[in-house]
Amino acid sequence: MSRFWSAVTHKLTPYVPGEQPRHKRLIKLNTNESPVEPSPRVLEAIAATSGDMLRRYPDPESVALRESLARRFGLAPSQVFVGNGSDEVLAHAFLGLLQHPKPILFPDITYSFYPVWAGLYGIEFERVPLDEDFRVDVADYQRPNGGIILPNPNAPTGVLLSLAEIRQLLEANRDSVVVVDEAYIDFGGESAAALIPEFDNLLVVHTLSKSRALAGLRVGYALGQDELIEGLSRVKNCFNSYPLDVVAQRAAVASIEDEAWFQAGCQAVVDNREWLQQALAGLGFRCLPSAANFVFASHPERNAADLFQALREQGIVVRYFDKPRINQYLRISIGSREDCEALIEALQALLA
Ligand SMILES: *Cc1c(COP(=O)(O)O)cnc(C)c1O
């Protein structure tokens with residue numbers, strides 16, 4: 001508290017990300033980073049960035065990157081918006097597209113940044129409960145609303161909605177924007193980007209942080225029809241003209257252009273996920289069906305908070321949410337095969 005803070009600042013409840021340990025050598029399975037290296041072409045593009053390029057301001061509209069993304073998704077560059085991580089893109093969507101008189105809707109268990117942005121921009125919201133299997137029932141979203149936002153697959157559950165269900169959601173909400181946050185779609189889902197030509201109320205948000213192993217670069221993007229993208233651009237140009245630096249723009253293009261590396265990386269994560277789910281099941285854990293680069297697991301006889309602590313003491317960090325309905329679950333990012341094996345060994349010892 002400070003007398004120098006504005007009234008808004010006094011009322012804020014900031015988001016708290018998973019920890020980034022600075023010193024200890026930890027096995028880090030808590031923030032869904034990729035266990036795979038980014039494409040070597042990304043590193044080449046970064047190394048080839050000259051002093052002269054750095055001397056200048058970057059392209060404020062990130063045209064080369066937007067063109068590359070537009071080609072990949074069969075859209076026009078005017079249907080692509082890029083930002084400093086998808087968190088920034090989502091924040092702009094809250095202010096630019098979701099701030100209306102009626103409350104917005106999102107699941108009761110979901111990305112915990114959504115209520116934070118709603119608080120920042122004074123947007124009312126209603127939490128729509130997942131069913132007992134932690135699934136979104138799209139029929140629950142047929143009520144008056146100022147917009148809808150949900151991750152697909154959902155976080156931190158990993159549970160996926162089909163494209164047919166997303167279509168139902170869009171058809172039932174023609175007068176509000178539906179933001180589908182596809183941070184994890186590349187690990188087993190079908191992107192709603194294919195529905196953009198049909199639905200003017202659809203905004204699809206992606207990140208390079210998870211499936212392209214570039215969390216440190218801070219690049220995210222949104223896909224949608226021109227009007228929605230223009231709304232985001234208006235907000236962006238009132239906030240920061242240059243959200244992506246020249247290094248990020250060049251490296252992101254290199255990543256998008258290396259489709260083979262991207263596909264192989266996603267496959268490696270999916271293979272490790274299948275291995276880890278089987279191994280966890282062998283130890284008596286129950287995992288929700290995951291289409292993401294993490295699993296959400298619970299042990300019927302062990303307290304999740306205790307397991308979290310015990311793992312931490314052995315240098316293995318996973319994510320634990322002390323929240324209603326999910327306080328007996330651990331969210332475990334899919335690491336390298338060695339990291340997954342180390343986790344299973346540690347759990348074996350703890351459960352013995
Ligand atoms: C990781 C994540 C993001 C943010 O990704 P950045 O691009 O790194 O900001 C957004 N939404 C969900 C659901 C996520 O899990």
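**Aromatic pairs, domain contact and local elements**

Tyr57 is exposed, with a relative accessible area of 68%. Tyr242 is partly exposed, at 33% relative accessibility. Here buried means under 20% relative accessible area, exposed over 50% and partly exposed in between, computed with a 1.4 Å probe on protein chains only. The model is predicted, so local features need pLDDT of at least 70 and side-chain atom pairs count only at pLDDT 80 or more, whereas totals for chains, interfaces and linings use all residues. Residues are numbered from 1 along each chain as its sequence is written, and side-chain values use heavy atoms, with hydrogens and water left out.

A pair of aromatic rings is described by the distance of the centres and the angle of the planes. Rings of Phe, Tyr and Trp (its six-membered ring) pair if their centres lie within 6.5 Å; planes under 30 degrees apart count as stacked, over 60 as edge-to-face and the rest as tilted. The count under this rule is 17 aromatic pairs. Tyr57 and Tyr242 make a stacked pair, 4.7 Å centre to centre with 20° between the planes. These two residues lie 185 residues apart and link distant parts of the chain. Tyr57 sits in the loop between helix H3 (51-55) and helix H4 (63-73), and Tyr242 in the loop between helix H8 (226-236) and helix H9 (246-257). Phe94 and Tyr114 have ring centres 6.2 Å apart and planes at 35°, so this pair is tilted. Phe94 belongs to helix H5 (residues 86-97) and Tyr114 to helix H6 (residues 114-121), 20 residues apart. Helices (H or I, at least four residues) and strands (E, at least two) are DSSP runs, numbered from the N terminus. Both Phe94 and Tyr114 are buried. They also belong to one aromatic cluster, whose other members are Tyr15, Phe106, Tyr111, Phe113, Trp117 and Phe125.

Helix H5 also holds His92. His92 is buried, at 2% relative accessible area. Contact means heavy atoms within 4.5 Å. Leaving out residues up to four places away in sequence, His92 touches Phe81, Leu97, Leu232, Val235, Lys236 and Phe239.

In helix H4, the buried residues are Leu65, Arg66, Ser68, Leu69, Ala70 and Phe73. Their cover includes strand E2 (80-83), strand E7 (202-207), strand E8 (220-224) and H9. Arg72 lies over the face of Phe73, 5.2 Å from the ring centre. A charge sits over a ring if NZ of Lys or CZ of Arg is within 6 Å of the ring centre and within 35 degrees of the ring normal. Arg212 lies over the face of Phe262, at 3.9 Å.

The domain assignment, automatic or from a database, gives domain 1 (7-37 + 260-351) and domain 2 (40-258). Their centres, taken over C-alpha atoms, are 24 Å apart. Each domain gives 32 residues to the contact. About 2,600 Å² is buried between them, with 66% from carbon and sulfur atoms. Buried area is the accessible area (1.4 Å probe) that two parts lose on being put together, summed over both.

Four strands form an open antiparallel sheet in the order E9-E10-E13-E12. Strands E9 (286-287) and E12 (319-320) stand at the edges with a single partner strand each, so one side of each has no neighbour in the sheet. Two strands pair if DSSP finds at least two bridges between them. Four bridges join E10 (residues 294-298) to E13 (residues 330-333). Phe296 has Arg331 as its bridge partner in E13.
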